[in-house]
Amino acid sequence: MKVKQQLVLLFIVLVSPVFILNWYANVKTEQILKRHVTNAYAELNKQNHLLINRDIDTVHRVMTTIIQNPQVQQMQASEEDVLDRVKLYETTDKLLSTFTMGLSGGGANYYYLFVYDPLNEYNFAPVSNSKYKNGGVFFYSYLYKPSWVDEAIARKGRGYLKIIDGIGIGTNSKTLAYIRAVNSVQSGRAIVGALVATNMDKRIEQSLATVSLPDNGELYFTDSQNMVLASTVPDQMGNTLELPSELAANPDSEGIVDAIEEGFIYVVHSSSELNQKLVYRISTSALLKQQSEVKRAIQWISIAYSLFGLVVMAYFWRSLLTPLQRLAGFVRSYEPGRKVPEEAGHPRNDEVGVLIHSVHNMAHRLNVLIEEQYVMDIKQKESQLKLLYQQINPHLLYNTLESIYWKSTLEGNSDSAEMIKELSKLMRISLSRGRELIAIREETEHAAAYTNLQLKRYEYEFRVQWNMDPDAANALIPKITLQPLIENAILHGVRNMGEDGLILVNSRREGDLVFIQVIDNGYKKVDHEWLNRIIREPRTDSSTGYGIHNVFERIQLHYGSEFGITYSETEGGGTTATIKLPYQENDGETE
């Protein structure tokens with residue numbers, strides 16, 4: 001059996017029980033969660049909602065007492081004597097403060113009476129947009145009245161909950177208020193104003209805090225549109241509560257409903273008559289911790305699955321992992337050049353056997369390559385020694401030229417001295433302390449020395465211009481790269497053109513690349529395709545293009561096949577030789 005087939009079989013055997021286990025656990029968990037939601041929290045939610053409505057009803061009865069008070073009923077009547085109106089205002093204002101109900105944890109339910117005063121008879125009292133105190137009497141006209149007054153009057157004495165802003169010590173604070181219209185007891189149709197009880201959210205939250213849900217469950221008291229009126233979660237008043245789709249589909253439902261979605265249980269008790277909902281939001285993970293039945297079932301299945309998995313893994317360990325471990329031990333202990341042992345075990349035709357056989361063959365081939373490399377290293381050392389011996393003569397020649405230069409200078413032969421100096425510089429840079437790669441600025445100096453010698457030789461019959469990019473000055477280039485290109489430009493381009501002959505040497509850096517161009521304006525017709533072909537083809541003779549071919553091969557030897565030299569036609573006539581190199585920083589070994 002192939003390893004691939006064995007792994008597929010192992011995957012199927014190991015994964016199938018996991019799916020069965022997950023399916024069983026999910027079914028059992030959902031059943032237990034439903035049972036807990038229905039039995040444990042449904043009745044609790046209903047009773048909690050009833051207690052909240054009793055608190056609201058208490059405030060409603062207090063408001064009834066305030067509304068029926070004779071002093072409150074007289075607030076709308078016009079009094080001829082201003083002093084009587086002042087006394088009535090002060091008495092009623094103090095009366096409202098006596099009904100203030102304190103709340104645990106600080107705060108209280110304050111009562112505010114907003115009296116309709118169209119004739120501005122109570123102009124001595126605060127208006128409705130003044131800074132509020134903790135309860136009291138305020139007046140408003142038709143033009144300046146709170147936005148919720150008309151809604152309260154339309155309900156004809158029935159109280160309702162509403163989130164309003166700007167009532168209390170801080171005028172920018174939001175509060176849940178219980179609002180009722182104050183009708184005249186005498187006429188029945190006349191409106192005295194509106195009565196407001198503030199901080200109902202804190203009163204309701206006080207009732208919600210008495211309920212203990214597992215794992216910090218959340219309680220929300222909302223209207224029928226799911227706007228939060230009070231909650232055990234801070235800063236939620238006024239926000240819209242997101243409910244599962246099956247609960248949000250019927251906002252006017254009555255009684256207890258529940259749903260499980262996204263790791264939470266929702267228990268909702270709704271009252272369409274009161275336009276209220278009480279929502280419990282409980283994490284399912286908290287309930288799962290309490291389900292010993294499901295835990296025991298999963299434990300027994302896990303034990304059985306683990307035993308079965310151990311048997312299966314023991315088979316595959318013996319079939320696959322033991323040979324691979326032996327192979328890994330051989331690879332870790334193997335040292336290049338050491339004798340490779342014979343392959344152990346019985347021959348195998350599967351992938352593992354092929355792998356073991358390939359590794360041993362690779363080790364044999366590596367030993368052969370090491371032996372060949374050792375022989376090549378010895379030959380290379382011998383070549384380097386020969387090269388060192390050959391460098392003695394250039395050193396002697398360089399020192400001798402320096403002596404001749406100084407002697408010619410002292411004798412007054414300046415032209416000869418300058419030519420000797422340029423030749424000396426040419427020899428010195430060509431030597432380059434044995435380095436193969438030098439900076440472009442050094443190579444430019446070498447090429448300039450060669451060019452100066454040629455200008456003196458041909459009595460300045462052509463011109464040379466240098467446009468070198470400073471950013472590319474430290475890039476490395478194989479030494480004696482520009483000199484063969486400039487030599488070709490002189491011999492085959494501008495040598496017979498007199499002062500009309502021009503050679504441009506340009507360099508530029510483009511990111512990680514460096515380009516150097518040797519451009520001439522020669523008048524001869526040149527086959528550039530033939531030039532590009534002969535420098536790339538293997539050399540069969542040394543009569544044509546040997547120097548340029550040598551430069552091309554050295555560039556590719558150092559940097560790879562994507563770099564080298566390309567010939568093209570110069571715009572207006574002539575030939576352009578372009579060198580493409582990677583940008584590599586100078587190693588600092590300059591003279």
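Helices H12 and H13 are roughly parallel to each other (an angle under 35 degrees; helices are DSSP runs of H or I with at least four residues, and strands are runs of E with at least two, numbered from the N terminus). The model is predicted, with local features requiring pLDDT of at least 70 and side-chain atom pairs counted only at pLDDT 80 or more, while totals for chains, interfaces and linings use all residues. Residues are numbered from 1 along each chain as its sequence is written, and side-chain values use heavy atoms, without hydrogens and water.

H12 (residues 440-457) packs against H13 (residues 482-494) at about 30°, and the two axes are 9 Å apart (axes are lines fitted to C-alpha atoms, for helices over the stretch in contact, with angles from 0 to 180 degrees between N-to-C directions). On the H12 side, Glu443, Thr444, His446, Ala447, Tyr450, Thr451 and Gln454 meet Leu482, Gln483, Ile486, Glu487 and Ile490 of H13 (contact means heavy atoms within 4.5 Å).

Turning to the sheet, 5 strands form an open, mixed arrangement in the order E4-E3-E7-E6-E5 (strands pair if DSSP finds at least two bridges between them). Strands E4 (136-140) and E5 (160-165) stand at the edges with a single partner strand each, so one side of each lacks a neighbour in the sheet. E3 (residues 111-116) runs parallel to E4, joined by 5 bridges, and Phe114 stands opposite Phe138 in E4.

Helix H3 (residues 82-97) lies across E3, E4 and E7 (191-197), at about 125° to E4. Helix H5 (residues 200-208) lies across E5, E6 (174-183) and E7, at about 115° to E6.

Note on methods: Parallel < 35°, antiparallel > 145°, perpendicular 65-115°, else oblique.
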